[in-house]
Amino acid sequence: MSVLQNKNIVIIGGTTGMGLSAAKAFVANGANVVVVGRNQDSVDDAKKILGDHALVLSGDATNEQTAVQAIDDCINRFGSFDGLYHVAGGSGRKMGDGPLHELSLEGWNKTFELNLTSLMLSNQAAIKKFMELKTGGSILNMSSVLGFSPSPQFFSTHAYAAAKAAIIGFSKSIAAYYAANNIRVNVIAPALVQTPMAKRAAGDETIMAFIKTKQPLDGGRIGQPEDLDGLAIYCMSDQSRFTTGQVIAVDGGWGISEGQY
């Protein structure tokens, strides 16, 4: 039997990059998925890719009804709700994020709204539903190595780093509070991964030379979305039934490497 057989999972931010890769992996391992994306073109593309075992919705993760609706749709379409994977977020660089002496208040607020507020809303919706159903369940939240392992030369968006660090504290706090309800909450923290958000870094030869030594595993390379899928499957499956409050970096060695440029 596939490890996710009979699991019905909601992915917030599931129509591109790491979220879409996870959605494909979940379906391949027996799950049904509800994925939510903000861009209509990516929503349309995901519908074609994921097929009959997926419901693909258009929605803004910062809207408090988006995750609520996705979870209700998951139950109505597939019969239950077993897990939430929150991937949605992104850089606030274009909104004014950057080094602290250049950081605008708007950049700070927008970056937190995009990365932290959206996650709080989806987690709240999931927790409420798990408690209502009395079933327990699993939440996996997306952080970043920049939340605890900064890289000042090339990745100096301080609001983003703060938001991703806050996700860790938030996740551990709710993991502790709801463990008695058999609700698991864990965190995945990737390094640089080839996604639409990483376009700036991926197109910079100097940064890519740095990444070759900062992420030295597998020949030294930028991460690929599928590098995260194994951990996501574990966290959504019953194999993780005794695991909660953990932060796991999938970083190609970032956290233990100096990086040269």
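**Exercise 1. Determine which residue Asp218 forms a salt bridge with, and how far apart the closest N and O atoms are.**

Solution. Asp218 forms a salt bridge with Arg221, and their closest N and O atoms are 2.7 Å apart; a salt bridge is a side-chain nitrogen of Lys or Arg within 4 Å of a carboxyl oxygen of Asp or Glu. This is a predicted model, in which local features need pLDDT of at least 70 and side-chain atom pairs count only at pLDDT 80 or more, while totals for chains, interfaces and linings use all residues. Residues are numbered from 1 along each chain as its sequence is written, and side-chain values use heavy atoms, with hydrogens and water left out.

Next, consider accessibility, where buried means under 20% relative accessible area, exposed over 50%, and partly exposed in between (1.4 Å probe, protein chains only). Asp218 has a relative accessible area of 59% and is therefore exposed, whereas Arg221, with 29%, is partly exposed.

Finally, Arg221 also forms a salt bridge with Asp227, where the closest N and O atoms are 2.9 Å apart. Asp227 counts as partly exposed because its relative accessibility is 32%.

**Exercise 2. Find the salt bridge that Lys7 forms, and explain which parts the pair ties together.**

Solution. The partner of Lys7 is Asp238, with the closest N and O atoms 2.8 Å apart. Lys7 lies in the segment before β1 (8–12) and Asp238 in the loop between α8 and β7, so the pair ties together parts that are 231 residues apart in sequence; helices (H or I, at least four residues) and strands (E, at least two) are DSSP runs, numbered from the N terminus. Lys7 counts as buried because its relative accessibility is 15%, while Asp238, at 43%, counts as partly exposed.

**Exercise 3. Locate Ser240 and decide whether Ser240 is buried or exposed.**

Solution. Ser240 is found in the loop between α8 (229–236) and β7 (247–250). Its relative accessibility is 0%, so Ser240 counts as buried. Leaving aside residues up to four places away in sequence, Ser240 touches Arg184, Tyr234 and Cys235, a contact being heavy atoms within 4.5 Å.

**Exercise 4. Identify the residues that are linked with Asp72 in a network of salt bridges, and complete the count for the whole structure.**

Solution. The network of salt bridges links Asp72 with Lys129 and Glu132. A search of the whole structure finds five salt bridges.
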